[in-house]
Structures are given as structure tokens and as C-alpha cells.
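Subject: Structure handover

Hello,

The structure is below, followed by notes on what was found in it.

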Amino acid sequence: KERELKATMDRLNKKPKMVITDSQVFLKAEADTPPGVLLTSFSILFARQKGDLATLAAGAKAIDALQPGDKVLMAEACTHHRVEDDIGRVKIPRWLRQSVGGELQFEWASGSTIPENLNEYKLIMHCGGCMINRREMLARIARAKEAGVPIVNYGVAIAHLMGILPRALSPFPAIAEQLQEDQEMKGGKI
């Protein structure tokens, strides 16, 4: 559990090379993971394994451009039973509203289809894709690119919203470096 990470780290004779966490507890895991230990999440690992991590990481920048009233597609590949504080229905929308400073128009798609009208959205926020294969996830990313709409997955978005995306990408230095270079060229921050 996240509340046990610090105590576990303190008991280890040798620090681990990497900590892999649930994206929802990124801040706590980041605070309790010593510098020099790589940190990422299951969702970011899925983004690399099943999708295109570089494209999804670049999509995180679109979060900063969102304005109140913009339309965001929350896309989930599965049709799981929603829980009270659901990540895609409650938590991420709340964090996005806080980041934007106002209301956004959210639409949800779940299961095997996503809307045809992707160009209506300012951002596509996609789940980790654990229930679909790489080909399907890459097809969804390609559709977003064709529509000219940035796409980001939950883990990458959460890391960005929490201000720790560079560290969350630390196991993938080439992608972290590219993202940093892109931001420096545009005069922004990650």
C-alpha cells in the first residue's frame, strides 16, 4: 500500500532501481521514493507497451491549453463497473477542472468504439488500455492524430497534473529528453 512505501524503503539494505505505482497515488509515491530511484506507473508502462508513449507524453501538453468550456473525451477501452470515486468519471475530471479553473464539457466513451467526430474535442484522455491489444491502441492514437486532437493516457496525464511528469518518465530517458527539448523550444515547462 502507498502508506507502507516509505517504511519499506527505510528497511531495505539496497534501494530498488525502480518503483512502479498506481498513478492515483503518484504524489505520495514520489514523495516517498528517494532521489535516484526511477519512478513510473502501471499506466505509463501500458502506454509504452501497448501504445506510443512519446505521442501520449506530448499529448499531456494539451492539458495546459485547455480553457473552461472545452470539450474533452474520456475514453476507456473496458466497460468495468464504475465505483464511487472512479478515476475516469470523477478523479481526472476533477483534477482537470482544478487545472483549468473552470468547467469543461466531458463526454465518455467505453468499450470497443470511440466517436467518429474526434475533431470536436480539444483533448482525448484515454485509459491505460489494459483490455485492448497494441494494434487497437495504436489505431486509436492514429485516429486522434488524423483528427488533429492531442491524446494522452491517464497515467501520463496524472503525472503532468501533479507536476511530476519528468520523474514519471525517468525510466524512459529518450522520451523524457524529447519532451523537455520540445518544451524548451516553446519556452514552457513540463
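How much space lies in the largest pocket? About 410 Å³, where a pocket is an open set of points on a 1 Å grid over the protein atoms alone, with protein on both sides within 12 Å along at least five of seven lines, for a 1.4 Å probe. The volume is the space filled by probe spheres set on the points, which are joined across faces, edges and corners.

This is a predicted model: local features need pLDDT of at least 70 and side-chain atom pairs pLDDT 80 or more, while totals for chains, interfaces and linings use all residues. Residues are numbered from 1 along each chain as its sequence is written, and side-chain values use heavy atoms, without hydrogens and water.

The pocket lining (residues with an atom within 4 Å of a point) has 20 residues; Asp22, Ser43, Ile87, Gly128 and Tyr154 lie nearest the centre. Helix H3 (42–50) gives the most, with 3 residues.

E5 runs parallel to strand E3 (residues 71–76), joined by 4 bridges; pairing requires at least two DSSP bridges. Met125 is the bridge partner of Met74. E5 also pairs in the parallel sense with strand E6 (residues 151–153) over 3 bridges, where Asn153 partners His126.

Regards

Terms used. Helices (H or I, at least four residues) and strands (E, at least two) are DSSP runs, numbered from the N terminus.
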